[in-house]
Amino acid sequence: MTRPPARRGVDRPVGVVTRGTTNPNRLRRVDSWIADRCAAALATADDPLVVDVGFGATPVTTVELRSRLVAVRADVRVVGLEIDPVRVAAAQVAAAPPALTFRRGGFELGGLRPIVVRAFNVLRQYDESAVTAAWTTMTDALAPGGFLVDGTCDERGRLASWVLLDSSGPISLTLAARLANLDRPATLAERLPKALIHHNVADQPVHAFITALDDAWQAAAAYTSFGARQRWINAVGRLRTDWPIVDHPRRWRRGEITVAWSAVASGSAVDAGPGSPRPITPSRPVGRQSGPTARS
């Protein structure tokens, strides 16, 4: 039975106003991934509605999101949500209803029932204790078969990571980088999603995964003469024996690697999803933690 439209928080958005800085093309990596991974859901949806949570001080990345998803489905609709009404009003100049609109809203998704939600560089500015509630609020509002993509990236979009979730919980973790500028995969640890960044410590699964990727990168040094892309492809391929890598070489060529959430989340305070290992008590983070950098 189809669930009724969500109404909770429509008049009072769930969340707080956060930093709104952004740059054009900052989210190009995750947009490309969404267009690939969520293509079937978009293509078969009764309503091809996509929501961008926390578009920030300017709507540029929301506009770009729709331009990239049109290739998947020509009639896709994208709604950008912001809690700050001043930002919403300013974004209206870029609106092109019904294909692209902007409205006030937060984690409750403005009462909408989208098939895909992108929430990037938003939860990074919250305490980790807020992640589970935010995820649940957003996934509860998804259309049947819908997906949430929650992640973070650096200011230019060269380093990024994101979690894919559906109504049952988290599914996978993706790390992505501009390979031409990548010194070593361990650098990506600075851009882990909020649910994991404080768990990149010894004896935690996400730390073990990043360490294994870094070691594989070093082992693939002989491929450097063929270019960073070939070195990355070889490094990711080395991990398939011991880690549940769930994407394919055509995505690796883009500087991506996607691993099953259950393999990295047992050290996280957030729910690891159905059938996943029981979360371990969080440990104290070590090393440098980057400060809040966000699009909204």
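How many aromatic pairs does the structure hold? The structure, a predicted model, holds 8 aromatic pairs.

## Overall build

The protein chain has 9 helices and 8 strands. Of its 296 residues, 56% are buried. The accessible surface comes to about 12400 Å². Carbon and sulfur atoms account for 53% of that surface.

Contacts reach across the sequence. Take those between residues at least 6 apart in sequence: 69% of them join residues at least 24 apart.

## Aromatic pairs

Phe 209 and Trp 243 form one of the aromatic pairs, and the pair is edge-to-face. The centres are 5.1 Å apart, with 65 degrees between the planes. This pair links distant parts of the chain, 34 residues apart. Phe 209 sits in helix α7 (residues 205-219). Trp 243 sits in the loop between α8 (228-239) and α9. Both Phe 209 and Trp 243 are buried.

Trp 217 and Trp 232 also pair. Their ring centres lie 6.2 Å apart and their planes meet at 65 degrees, so this pair is edge-to-face too. An angle over 60 degrees is what counts as edge-to-face. Trp 217 belongs to helix α7 and Trp 232 to helix α8, so the pair ties together parts 15 residues apart in sequence. Trp 217 and Trp 232 are both buried.

Elsewhere, Trp 33, Phe 120 and Trp 162 form one aromatic cluster.

## The second largest pocket

The elements that give two or more residues to its lining are α1 (28-37), β7 (169-177) and α9 (249-252). The largest share, 3 residues, comes from α1.

By residue type, the lining divides into 4 nonpolar, 3 polar and 5 charged residues.

## Helix α3 and its cover

Which residues of helix α3 (residues 60-69) are buried? They are Thr 61, Thr 62, Glu 64, Leu 65, Arg 66 and Leu 69. An α-helix has 3.6 residues a turn, so residues three or four places apart point the same way.

Helices and strands both contribute to the cover over the buried residues of α3. The helices include α1 and α2 (39-44). The strands include β1 (49-53), β2 (77-82), β3 (100-104) and β4 (116-120).

How values were computed
Residues numbered from 1 in each chain as written. Predicted model: local features only at pLDDT ≥ 70, side-chain atom pairs only at ≥ 80, totals over all residues. Heavy atoms only, no water. Helix = DSSP H or I, 4+ residues; strand = E, 2+ residues; numbered from the N terminus. Buried < 20%, exposed > 50% of the residue type's maximum accessible area, 1.4 Å probe, protein only. Contact = heavy atoms within 4.5 Å. Areas by Shrake-Rupley, 256 points an atom, 1.4 Å probe, with all protein chains shown as cover. Nonpolar A, V, L, I, M, F, W, Y, C, P; charged D, E, K, R; others polar. Phe/Tyr/Trp six-rings, centres within 6.5 Å; stacked < 30°, edge-to-face > 60°.
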